[in-house]
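Thanks for coming, everyone. Let me take you through one structure this morning. Please have a look at it first.

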Amino acid sequence: MLNMTKVAVPKGLSVEGKRYLTDHGLSLIELDSMASDSIEKNAGDADGLILMTDPFPNQTIKQLPNLKVIARHGVGYDNVDQNFMAKAGIWVTITPNANASTVAETTLAEILDVSKNLTSISDEMRKGHFEYKNTHMGFDVAGKTLGIMGYGRIGRMVAKKASGLDMKIMIYDPFVKESEDGQLVDRETLLKESDIITLHMAVTPDNQQGIGKNEFDEMKNSAVLINLGRGALVDQTALINALRTHTIGGAALDVFNEEPLRLTSDFYQLDNVLLTPHIASNTKECMARMAVDAASEAVRVLAGDNPKWPVNKIETGD
């Protein structure tokens, strides 16, 4: 039924996802790069596309006349204009159930890392600076307040897993009415009282670069910001200044406005920030789950069915 129907995928897509597509009769176009020019050049006849974090410009669809579905390999979809795609008759889907637990685990790993300065002390030890630890002591998380901004699947999982660390948990999410794992508070309270703040919101016009100078001024000067959500949630220039001037105590960043983060970035000159290259869901198990879930959405749409996890709506005329 789907023979000769083509799906463009990243060459590095988990084998489980590729197998799911081929087992359902789809042909693969494997791309070394998912940049728009590469897609246009090598996948002009694609019926479906599995997209990771690369930007997908609206005009790219002019070169893909057969395209019916863009299946995001992940939860965020700020790299594709779902409303524009809906008007063009193209479904945009996500994989909402595949990565929440893994991202929550990575969030806790980064919290524990920065609280004990594990990476920085290890790096200095390798240079022979064994006494570095004496001037860069960590802090206990027990008894501290963890502020979770955004209480969707990932935020809820972070609260659940963090509840065993003897931390007080505060939650800010204007759309949530109750929580079993923490105290719902307003935004100002969370900013002022949290020792660690972790961001798990989707990017919207209202919150883009919403964590900036004013927010850093409200935070404790010992507070740590954790961002495994999206770089666009934070004013990076203001964050660099807050870290440099010790307006806040530190940060752990897994996402940036531009990825990969250029080696000329001022972030690399700071010793109070942990930098990781977008690894929040970077486990074999999670990558396999996301690949299969994204592939299953492509299969559904290309078989003539509606997707299970769309973020836009196509008018079918039924």
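One term before we start. A polar contact here is a pair of N or O atoms within 3.5 Å, where one must be able to donate a hydrogen and the other to accept it. Also keep in mind that this is a predicted model.

Where is Asn 117? Find the loop between α4 (100–116) and α5 (118–126). A polar atom of the Asn 117 side chain lies 3.3 Å from the backbone oxygen of Met 137. Now set aside the neighbours within four places in sequence. Asn 117 is then in contact with His 136, Met 137 and Gly 138.

The backbone of Asn 117 deserves a look too. Its phi is positive, about 55°, although Asn 117 is not a glycine. Why point that out? Because most residues other than glycine have a negative phi. His 246 is another case: its phi is also positive, near 60°, and it is a residue other than glycine. You'll find His 246 in the loop between α10 (236–244) and β11.

Now follow the chain past β11. Pro 260 sits in the loop between β11 (250–253) and β12 (273–275). The peptide bond from Glu 259 to Pro 260 is cis, with omega near 0°. For background, most peptide bonds are trans.

Let's step back to the overall layout. How is the protein divided into domains? The assignment gives domain 1, made of 6–98 plus 284–303, and domain 2, which is 100–275. Their centres, taken over C-alpha atoms, are separated by 31 Å.

What does UniProt say? An unreviewed entry lists "domain: D-isomer specific 2-hydroxyacid dehydrogenase catalytic" for residues 14–312. Over that range the chain is 34% helix and 14% strand. The end C-alpha atoms of 14–312 are 26 Å apart. The unreviewed entry also lists "domain: D-isomer specific 2-hydroxyacid dehydrogenase NAD-binding", for residues 109–280. There we have 31% helix and 16% strand, and the end C-alpha atoms are 10 Å apart.

How many residues are in contact across it? Eight from domain 1 and five from domain 2. About 560 Å² is buried between domain 1 and domain 2, and carbon and sulfur atoms give 44% of that. On the domain 1 side, Asp 78, Pro 96 and Cys 286 lose the most area to domain 2. Together these residues make up 54% of what that side buries.

Stay with Asp 78. Asp 78 forms a salt bridge with Arg 230, and the closest N and O atoms are 2.8 Å apart. How many salt bridges cross the interface of domain 1 and domain 2? The rule finds one. The rule for polar contacts finds three residue pairs across that interface. As for the side of domain 1 that touches domain 2, its residues divide into three nonpolar, two polar and three charged.

One last stop: salt bridges over the whole model. The count comes to 13. Among them is the pair of Lys 11 and Asp 32, at 2.9 Å from N to O. Lys 11 lies in the loop between β1 (6–10) and α1 (15–23), and Asp 32 in the loop between β2 (27–31) and α2 (36–42), so this pair ties together parts that are 21 residues apart in sequence.

That's my tour. Questions, please.

Conventions
Residues numbered from 1 in each chain as written. Predicted model: local features only at pLDDT ≥ 70, side-chain atom pairs only at ≥ 80, totals over all residues. Heavy atoms only, no water. UniProt positions renumbered as here; feature names shortened; annotations may be inferred. Helix = DSSP H or I, 4+ residues; strand = E, 2+ residues; numbered from the N terminus. Domains from an automatic or database assignment. Contact = heavy atoms within 4.5 Å. Buried area = accessible area lost by both parts, 1.4 Å probe. Salt bridge = Lys/Arg side-chain N within 4 Å of Asp/Glu carboxyl O. Nonpolar A, V, L, I, M, F, W, Y, C, P; charged D, E, K, R; others polar.
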